[in-house]
Every structure is written in structure tokens, then in C-alpha cells.
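Here are a few notes to read alongside the model.

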Amino acid sequence: MDATGGRPSDDSKLIRETQSASVTDGFHLVVDALKLNDIKWVFGVAGIPITDLARLLQAEGIRYIGFRHEQSAGNAAAVTGYLTRWPGVCLTVSAPGFLNGLVALANATTNGFPMILISGSSDRAIIDLQQGDYEELDQMNAAKPFTKASYRVDRPEDIGIGVARAIRAALSGRPGGVYLDLPAQVLSATLGAEVGRDSLVHVVDAAPRQIPSPESVSRAIDLLASAQRPLIVLGKGAAYAQADADIRSFVEETGIPFLPMSMAKGLLPDGHPQSAAAARSLVLGEADVVMLIGVRLNWLLEHGKPPRWSPQVKFIQLDSYTMEIDSNRPIAAPVVGDIGSAMAVFRSTLAPGRVRVPAAWTAAIAQRKQQNFERMAQRLNANPAPMDFSSAMRAIRDVLAHRPDVFVVNEGANTLDFGRDIIDIHEPRKRLDSGTWGVMGIGLGYAIGAAVTSGQSVVAVEGDSAFGFSGMELETICRYGLPIVVVVFNNGGIYRGDDVNRGGGSDPAPTVLMKDARYDRVIEAFGGKGYHAVDPKGLANALAEALASGKPAVINSVIDPAAGTESGHISNLNPKSRIASEQGKGKGAGE
Ligand code: ADP
Ligand code: TPW
Ligand code: MG
């Protein structure tokens with residue numbers, strides 16, 4: 001029996017392939033509206049009431065990718081929005097399917113990725129009186145706190161407007177997640193074909209340029225020109241903006257050292273001489289004027305406050321979202337606008353030689369970089385058995401040095417920290433990771449979204465715990481034959497694999513996962529290629545071979561269970577109980 005509680009499925013009557021040309025229905029109008037607005041992919045899980053919508057999308061040439069869980073479908077849609085600057089669309093069934101997708105939608109909103117979650121929903125009259133419909137939930141209101149906007153279409157003639165509003169809301173200002181509720185009755189309702197056609201809306205100029213005021217740019221340039229120790233911080237808003245050439249030219253023309261946040265890596269290559277990534281503590285602590293380009297002063301930058309930052313530092317903040325300004329520290333020179341327009345204005349306004357970077361500052365950074373490179377080289381070149389995070393990441397870094405085109409997806413705790421620090425990114429938007437929330441579960445969804453929309457290869461570098469959140473999407477990867485290689489950093493646990501049951505019982509400790517798990521064998525069940533790597537050479541060979549094949553693969557990389565740090569680099573955020581301090585666990589790795 002299907003999961004309808006015995007209710008007859010109404011799917012069969014829904015595609016009106018034989019309908020007369022004079023009549024259309026909600027299903028067709030949704031597809032027409034999406035096509036009219038250049039939606040090329042939809043990621044989802046089928047079921048009542050949207051099964052036939054998925055079929056019709058496919059029939060009409062929108063690529064439909066069917067997932068095993070809505071959260072991964074939603075993550076694929078979110079990353080599509082980030083990479084293409086056009087909303088990624090996720091399609092789910094009612095109540096539980098919708099809620100599964102909602103985590104990804106909320107994550108998209110938090111990260112500023114344009115995404116639309118479209119869910120079918122049950123009978124409004126029954127929902128509103130809570131009379132117990134199949135998959136009953138007031139979805140539109142449930143979505144509101146997690147989205148930029150949440151809409152429901154109650155009449156078929158409003159589908160065009162609903163889709164247009166969703167697109168505009170997702171893209172404008174700071175991008176984010178939008179929910180669009182489509183009740184089953186609206187999908188199956190019929191309408192005159194001409195009325196239907198006339199109701200569609202082609203969205204014109206969905207994200208209008210926001211040109212910053214000339215005064216704000218002059219104020220910012222005056223401040224930059226006064227700096228003794230200037231710094232540019234690039235965030236994923238800068239990567240999203242696709243103003244790569246102007247950003248790079250601005251950084252190079254001014255000579256100001258830059259620090260990329262994790263997903264801004266690759267806007268300028270990591271090996272760029274002006275990169276201050278390897279002198280992070282120094283530049284955050286000593287910079288006197290900092291230009292933030294598409295980056296928030298949130299927890300990832302310790303809110304811009306001492307002791308990490310100098311108490312005297314002055315900020316320039318370039319952002320499309322006015323309310324971000326002054327949210328954590330006072331901003332001396334706010335520049336509100338879209339980064340593409342703003343960087344062009346900066347470049348045309350800035351007189352050559354106006355901003356000078358004192359040689360003492362550049363030299364101090366160079367010296368600290370050199371020290372840290374040498375320290376890091378020791379860790380990278382050590383060859384411990386079993387592998388630790390550094391030696392395994394080095395193997396991946398070396399293979400990817402020859403493949404700048406490959407997307408790197410990265411999640412976990414230690415696996416995330418070491419991956420961010422060690423794997424160089426050579427091109428813009430090639431690194432996709434846990435992002436603003438530090439969420440686990442984005443891995444395979446992001447990998448699929450990136451592979452499907454770009455046609456390029458992806459390496460997903462996953463902690464063994466992180467991998468588990470979306471692991472069943474290996475079947476999706478194999479079903480569509482996508483060029484994705486998943487490297488599982490198998491240290492047997494969350495952070496570490498060597499913790500013990502503090503009660504002395506036989507149950508494993510809360511952070512422990514199965515020792516000796518063979519994740520490579522999971523993909524073999526779906527016809528993909530599994531590799532088992534126990535040393536850097538084996539890992540590098542497996543990765544090079546898997547990438548060259550262009551076929552789905554998993555590399556189970558055996559990492560020392562004792563190599564990790566509790567909570568990775570953010571152990572300072574972990575409230576500690578006596579049980580932790582007595583065991584001497586959870587010492588911060590710091591930077
Ligand atoms: P990171 O996580 O890399 O530090 P955040 O996600 O915290 O970056 O910050 C990104 C910022 O970029 C957000 O405040 C967002 O409003 C802003 N932003 C996103 N796209 C644009 C754009 N095209 N123009 C200007 N600002 C943008
Ligand atoms: C949705 C909490 C943060 S990091 C992590 C968890 C469960 C996994 C770390 O283990 P992993 O990496 O992946 O094996 P490693 O290399 O350190 O061993 N649920 C969600 N998000 C978060 N962030 C968590 C739980 C967490
Ligand atoms: Mg682990």
C-alpha cells in the first residue's frame with residue numbers, strides 16, 4: 001500500500017496530456033512559470049501531491065534530480081543558488097517532506113543563498129480546523145521564521161505571481177530562502193489556457209543593481225588612505241557576487257593584504273603573495289583599518305571584538321543588507337550596495353597611489369607567514385602511521401593542485417578545520433562547506449548540486465560523522481552517474497574515536513562511531529568504486545584515479561582515532577562539565 005493511509009492516489013488523473021489546448025491546470029502552470037523564469041533544475045523527493053509535477057518537469061525539459069531525503073535535495077538547491085546567482089528549487093511532498101526540506105531552506109537563509117522550497121500541501125479547510133488530513137500541517141506559517149518570505153498560492157491563476165514573488169524575494173538584497181506552498185487542489189485545478197498564459201510573470205531585473213552612494217565610497221577611501229595596517233577580509237558574499245575580476249584588481253592595485261573566509265578562498269588563489277591567511281592571528285590582532293567585503297562580523301570573526309581584534313580597529317563594511325551595519329561593532333564607513341557595482345565604483349574613484357601599504361606592515365605579515373609555513377610544513381611532511389589529518393589532507397592538496405577545476409565540499413570538525421587550512425583553492429566558488437551555522441549534513445547534497453549544475457567534478461572531504469548525515473545519497477550519485485569522489489576521514493568518531501564510556505558500561509561513548517567501518521563498501525552496493533586508503537600515497541593514488549575516471553567513488557581513509565581535537569578549532573565554544581576537564585579533554589587547538 002502506498003503511504004496514503006488507503007486514500008486513493010489522485011496522481012493518475014493529473015497530467016492532462018490529452019487535455020484540449022484550450023484548458024490548462026495548476027501542474028502545467030507551475031512548470032510553465034518555472035521555465036519562463038529560467039529554472040533549469042529541480043531537486044526533490046516525489047510523492048502525493050507532487051509526483052506528477054516532477055514527471056511533468058522532466059517531460060518539459062527541466063532536469064529533475066530525485067533524492068533519498070529532502071534535506072539533501074534542499075542542500076543541492078541551495079548550493080545551486082549560490083553557484084548560479086539564480087534561485088535553486090527544491091520540491092517536496094507535504095508535512096514531513098516539507099519539514100525535512102526546511103532545514104536546508106533555513107540553512108540557505110542563514111548563508112544568504114537564493115533558494116525556493118516548493119511543497120505540495122493538503123486541504124486548507126481541514127488543516128485550518130485541524131481535522132486530521134493526510135500529512136496535515138500549516139506549512140506556510142511553519143516556514144515563516146526560517147525564510148526571507150513564505151507564500152501560499154490559493155488559486156491557479158495566482159501561480160505565476162507566486163513564482164515571480166518567490167524568485168524576487170530569494171534574489172533581492174541579501175539573498176535567502178523562500179517557501180512557496182502549493183495546495184493539491186491548486187495543482188489539479190483547471191483554467192482556460194489563455195487566462196493561464198496571461199497569468200504568468202516573467203521576472204524582469206530580479207536583483208537590481210544597488211549602486212552605493214558616492215559619499216559612502218569617498219568616506220571609505222579616505223579611511224583606507226589613512227591606514228597604517230590595512231586589511232581586506234573577503235567573505236562568501238564577495239564570492240556570490242561574481243565580481244571576481246574587479247575584486248582581484250582592487251586588491252592587487254591597492255596592495256592591501258587580504259584574508260579570505262573559507263568559502264571566499266579561490267577568489268584570489270590561496271598562493272597569492274598578498275594572502276594573509278597564514279598570518280591570521282597577526283592581521284586580526286593588529287590591523288587598524290579593515291575593509292569587509294561580503295562578510296559578517298559574526299562568531300566566525302569573533303564579532304570583530306577584542307581580544308581577537310584591536311580595540312582601535314576601524315571598519316569599512318561593503319554589504320547589500322543595510323541592517324547588517326553596526327550589528328556587532330560600530331562601522332566607521334558603511335558602503336551599502338551590491339559588491340559588483342560597489343567594486344566598480346571603488347576602482348573608478350580610487351586615484352592611483354592614494355592608498356599606500358606601509359612596508360613595515362607587509363614585512364611583518366611576510367615574516368609571520370614564513371614562520372607558520374615552516375611549522376606547518378613539519379606537520380604536512382611527517383608520515384605518521386596511521387595517517388593524521390595533516391598527512392591525509394596533504395595528499396588531497398597535492399592531487400588537487402593539478403585539478404583547479406574541481407569543486408571541494410568539506411564538512412566535519414577536524415576534517416573541516418584541516419581541510420580549510422591545507423587544501424588550496426585555485427578558482428572562485430570552488431570551496432563549499434558547513435558555512436555560517438557550522439552545520440553537518442550538507443556534504444552530498446552540495447556535491448550533487450555542484451556536479452549537476454556545473455558538469456564538473458567534485459571531491460567531498462567528509463568526516464565520518466558528517467558523511468553519515470547524507471550518506472544514502474551515494475545511491476543518488478550512482479543513479480545519475482555523477483563525477484563525485486567522497487573521501488571519508490574515518491577516525492571512528494565525532495572529533496575522535498578513542499573516547500570511553502564514563503560509566504564503565506559496554507555501550508560506546510557518545511562521540512564514538514564504528515571502529516573499522518568500511519565506507520568504501522557502501523558505494524560498491526550501488527555499482528560505484530570503493531577504495532580503502534591507509535597511507536598518503538594510497539590516498540593520493542586513489543583520488544587521482546577516481547577523478548580521472550569521472551565516475552562515482554568513495555575513498556575510506558583511515559585516520560588515527562586519537563588525532564583529532566574535541567570540537568576542532570572551536571572547542572572554546574563548548575561548555576565544559578567536570579567530566580571533560582577531569583579527563584583533560586577538549587583543549588582548544590587554537591590557531
Ligand atoms: P562568510 O561566512 O564568508 O564570513 P557571511 O555569510 O557572513 O560571509 O557574509 C556574507 C555577506 O555578504 C552578508 O552580509 C550578505 O548580506 C552579503 N552579500 C551577499 N551577496 C552580496 C552582494 N551581491 N553584494 C553585497 N553584499 C552581499
Ligand atoms: C546538524 C554537531 C559538529 S561537528 C560534528 C558534529 C556531529 C561531527 C564531527 O565528526 P566528524 O569530523 O564529521 O567525524 P572529525 O574529523 O572531527 O572526526 N548536528 C548538526 N550539525 C552539527 N554541527 C552537529 C550536529 C557536530
Ligand atoms: Mg570523525
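**Notes on the predicted model**

1. Let's start at the ligand: a backbone N or O atom of Ala 413 lies 3.2 Å from an oxygen atom of ligand 2. The side chain of Thr 415 has an N or O atom 2.6 Å from an oxygen atom of ligand 2, and for a backbone N or O atom of Ala 466 the distance to a ligand oxygen is 2.9 Å. There are 17 residues around ligand 2, and those that come nearest are Asn 414, Thr 415, Gly 438, Asp 464 and Ala 466 (near here means a heavy atom within 4 Å).

2. A word on the basis: this is a predicted model, in which local features need pLDDT of at least 70 and side-chain atom pairs count only at pLDDT 80 or more, while totals for chains, interfaces and linings use all residues. Residues are numbered from 1 along each chain as its sequence is written, chains are lettered from A and ligands numbered from 1 in the order written, and side-chain values use heavy atoms, without hydrogens and water.

3. Next, a helix pair. The axes of α3 (residues 70-84) and α4 (residues 95-111) come within 7 Å and cross at roughly 30 degrees (axes are lines fitted to C-alpha atoms over the stretch in contact, with angles from 0 to 180 degrees between N-to-C directions). Helices here are DSSP runs of H or I with at least four residues, and strands are E runs of at least two. On the α3 side, Glu 70, Gln 71, Gly 74, Asn 75 and Ala 78 take part, meeting α4 residues that include Gly 97, Asn 100 and Val 103. The residues of this contact divide into four nonpolar, seven polar and one charged (Gly counts as polar).

4. Asp 52 sits in helix α2 (residues 51-59). With 3% relative accessibility, Asp 52 is buried (under 20% relative accessible area; exposed is over 50%, partly exposed in between, with a 1.4 Å probe and protein chains only). Its side chain makes a polar contact with the side chain of Arg 55 at 2.5 Å (a pair of N or O atoms within 3.5 Å, one able to donate a hydrogen and the other to accept it).

5. Asp 270, in the loop between β10 (258-260) and α13 (280-286), is also buried, at 16%. Beyond four places in sequence, its contacts include Lys 265 and Asp 424 (heavy atoms within 4.5 Å).

6. Finally, do look at the backbone. Pro 306 and Pro 307 are joined by a cis peptide bond with omega about 10 degrees. Glu 302 has a positive phi near 45 degrees and is partly exposed at 36%.
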